[in-house]
Amino acid sequence: MVLPFDIMEYQGRLDKTKKRMEEDGIEILCVTNPSNMNYLTGYDAWSFYVHQMLIVIIDEPQPIWIGRTMDANGAKATTWIYDDNVIAYPDYYIHSDVYHPMDFIGEILREIGQGNRRVGVEMEQFYFTAKSFQRLQRALPDAFFLDASNLVNFVRLIKSDQEIEYMRRAGKIVDQAMSRTIDYIQPGVRENDAVAHLYYHLISGTPEYGGDYPAIVPMMPTGDHTSMPHLTWSEQKFQENSPVVIETAGCYKRYHVPMARTISLGEPSERLQYVASVVQEGIENTLQTIRPGATCSDLEAAWRNSIKKYGFEKESRLGYSTGLSYPPDWGEHTASIRSDDHTVLEPNMTFHMIPALWFENDGIEISTTFRVTESGYELFTSHPRELIIKSNLGYNTNPMSS
């Protein structure tokens with residue numbers, strides 16, 4: 001298989017990771033986040049539902065991948081590390097009340113003389129369980145454990161030019177998929193059929209390059225449910241004079257560009273139009289704040305001050321860093337656009353800015369994903385940042401004919 005990046009780029013990522021390890025007093029880093037594993041080695045498979053680990057030893061040139069036997073060939077095929085550094089554990093370690101993969105990993109570390117070192121583990125990570133930590137501690141009684149939850153995540157914060165190019169492609173994919181799905185949605189069409197249509201275009205991609213599965217399924221609250229942003233879809237049919245929110249992401253080589261839009265099926269209410277105008281103005285005011293040297297809190301302040309003039313406030317954060325990811329989230333868990341985050345913006349940082357407003361009975365979402373440039377910002381998508389109004393609607397209860 002052809003790696004998505006040059007080996008020298010992977011080596012540079014590993015070097016930056018080891019530098020952070022040294023700064024934090026970590027000699028061995030146990031990586032269980034599949035996004036971080038991919039970032040450092042290229043490993044790409046749907047195997048993260050079982051325990052696997054990438055071990056970075058500060059004074060060894062190559063990491064060690066440890067995972068299930070049936071996944072070892074995938075690790076050899078999709079990574080740049082030597083085959084000898086791919087180690088497999090037997091299947092009886094899977095879902096056992098007696099054995100645990102962390103027992104096996106601890107034994108390997110002891111055998112290679114690494115059992116008494118300072119070990120960093122990703123404590124705040126979806127696939128590293130409380131039992132995993134307990135069993136790893138038991139298997140390495142002489143080790144000293146430290147929390148390294150976001151160590152690699154922060155290395156990922158500033159993207160390479162190749163990563164930016166992959167995000168541009170993801171942006172084109174989501175632009176097309178969103179436009180095609182908005183055209184498809186009308187009263188009488190089922191929500192699930194619209195999501196199937198959306199998935200088709202996300203995965204089909206463009207004539208130049210195909211898409212990948214996004215880390216989050218599409219969200220599609222409708223009507224009164226637009227106040228509930230993380231609802232997905234149902235088998236109900238869209239209704240006329242009803243709003244629809246779509247939040248999804250284009251994905252290419254695991255790099256995400258999220259986008260949210262709100263559609264009005266028929267003439268929108270005066271309230272929805274008014275709130276949309278407030279959000280649009282807030283977006284433009286915030287975009288003008290983006291530049292190297294500004295902070296995430298500066299962007300949040302521009303948004304907050306813009307909507308405050310109209311009596312609105314937003315409790316949730318305005319956005320977050322995004323890029324390479326696996327389920328269940330396309331956020332990087334590092335910088336957030338909110339008042340207490342003083343992360344300084346640097347070129348090639350990338351964010352999903354979602355200046356959405358949710359109320360008791362309704363809500364609106366219009367979002368954009370951007371990168372910080374040398375002098376300002378670049379948007380990854382070109383779809384209009386506005387309330388989408390579909391009037392003069394026809395009725396079609398046969399989605400296959402659209």
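Trainee: Which residue in S3 is the bridge partner of Leu54?
Mentor: Trp65. Keep in mind that this is a predicted model, where local features need pLDDT of at least 70, side-chain atom pairs count only at pLDDT 80 or more, and totals for chains, interfaces and linings use all residues. Residues are numbered from 1 along each chain as its sequence is written, and side-chain values use heavy atoms, with hydrogens and water left out.
Trainee: How many bridges join S2 to S3?
Mentor: Three, between residues 53-57 and 64-68, and the two strands run antiparallel. Strands here are DSSP runs of E, at least two residues, and helices are runs of H or I, at least four, numbered from the N terminus. Two strands pair if DSSP finds at least two bridges between them.
Trainee: And which helix packs on the sheet there, touching S1, S2 and S3?
Mentor: H2, residues 34-41. Its direction makes about 55° with that of S2. Contact means heavy atoms within 4.5 Å; axes are lines fitted to C-alpha atoms, for helices over the stretch in contact, and angles run from 0 to 180 degrees between N-to-C directions.
Trainee: What does H5 touch?
Mentor: H5 (130-139) also packs on the sheet, against S1, S2, S5 and S6, at about 150° to the direction of S6.
Trainee: What is the strand order in the sheet?
Mentor: S4-S3-S2-S1-S5-S6, an open sheet with mixed pairing. S4 (86-89) and S6 (144-147) each have a single partner strand, so one side of each lacks a neighbour in the sheet.
Trainee: Changing topic, is Cys251 buried or exposed?
Mentor: Buried, at 0% relative accessible area; the term means under 20%, with exposed over 50% and partly exposed in between (1.4 Å probe, protein chains only).
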